[in-house]
Amino acid sequence: GIAASSCPGVVTSHWSVNYEGKHKSRQQAVAALETFCQQAAAAGVGHVLVVTGSTRRKGVDSVICLEDLRQSGVPAGLKLGCAFNPYFTSEADIQDEAARLRRKLRTGLIDTVWLQFGTDVAKLRGAVQMIRREAGDNVRIVGSLFVPSAQFLAQFRLRPWKGVFCSEEFLASAQGAERVSGHLARVYGELGIEVLLETPAKTVGELEAAWQ
C-alpha cells in the first residue's frame, strides 16, 4: 500500500493460484482473484500479474481464472498481466504453453505479457511474433534480464530452477553470462520488449554495474 500510494499506477502486484487460491474450488479461487483486484485498485496498484505458480492444479489455474473473471471484469484503471515461457525444449510443452497464452489473450483482459527468463533468442523472436499475431500492439511485453554472479551460477548448475532454460555459454562463467545477457538486452530493444532487471542489487553501484 505504501509503495502504491507513493507511485500510483506503477506498482505491479502478483497473484498466484497456488498461493492465494490454494485449497479453494474453482469458484472460490475466481472470487479470491476478483476480491484481490478490487483491493489492489483501491490501494492504487496499476497492474496485477496473474500466474498459476510452480505446480498446475487440475481444474484451477490462471487460464481458467482469467476466463471466468472475464464475466465480471476488473475495476476501472486496473490492468492485468500473464506469464509466458517460450523456452521449453519439449514440443508438447511448447504447444501447451502457446495454447494457454492464446486463451489468456483471448479473454481481452491481458494488458501485459511477462516473459520467463531464457537465452534462446530464436525462440524469443518466435514468441514475440506469435504474441503480435494474436494481440497486435495492444499488449506490452516485458522480458526478464538476469546477470548472475559466479556463485549463483555454481548453485544453479547443481539445482536449476524449474522451467528456466539457459545456454552453456551463460552457465559456464559470469563473463559468459554477461555476454549473453548483453546480447539479450539488445534483442529486447530491437523487439520493443521492456526490461525487468532481476539481478540482485543492494547498492546503487551494484545496480549500475548490472545495467552496464
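Two strands count as paired if DSSP finds at least two bridges between them. Within this pair, Thr 12 sits opposite His 47 of strand 2.

What you see is a predicted model, in which local features need pLDDT of at least 70 and side-chain atom pairs count only at pLDDT 80 or more, while totals for chains, interfaces and linings use all residues. Residues are numbered from 1 along each chain as its sequence is written, and side-chain values use heavy atoms, with hydrogens and water left out.

Turning to the whole sheet, six strands make up an open, parallel arrangement in the order 1-2-3-4-5-6. Its edges are strand 1 (12–16) and strand 6 (194–197), each of which pairs on one side only.

As for the helices, helix 8 (residues 174–191) packs on the sheet and touches strand 5 (140–145) and strand 6, contact meaning heavy atoms within 4.5 Å.

Finally, confidence: the mean pLDDT (the predictor's confidence in each residue, from 0 to 100) is 88 for the protein, and 92% of its residues reach 70 or more. Strand 4 has the highest mean, at 97, and helix 1 (residues 2–6) the lowest, at 41. Where pLDDT is low, the predicted coordinates should not be read in detail.

Methods: Helices (H or I, at least four residues) and strands (E, at least two) are DSSP runs, numbered from the N terminus. Axes are lines fitted to C-alpha atoms, for helices over the stretch in contact, and angles run from 0 to 180 degrees between N-to-C directions.
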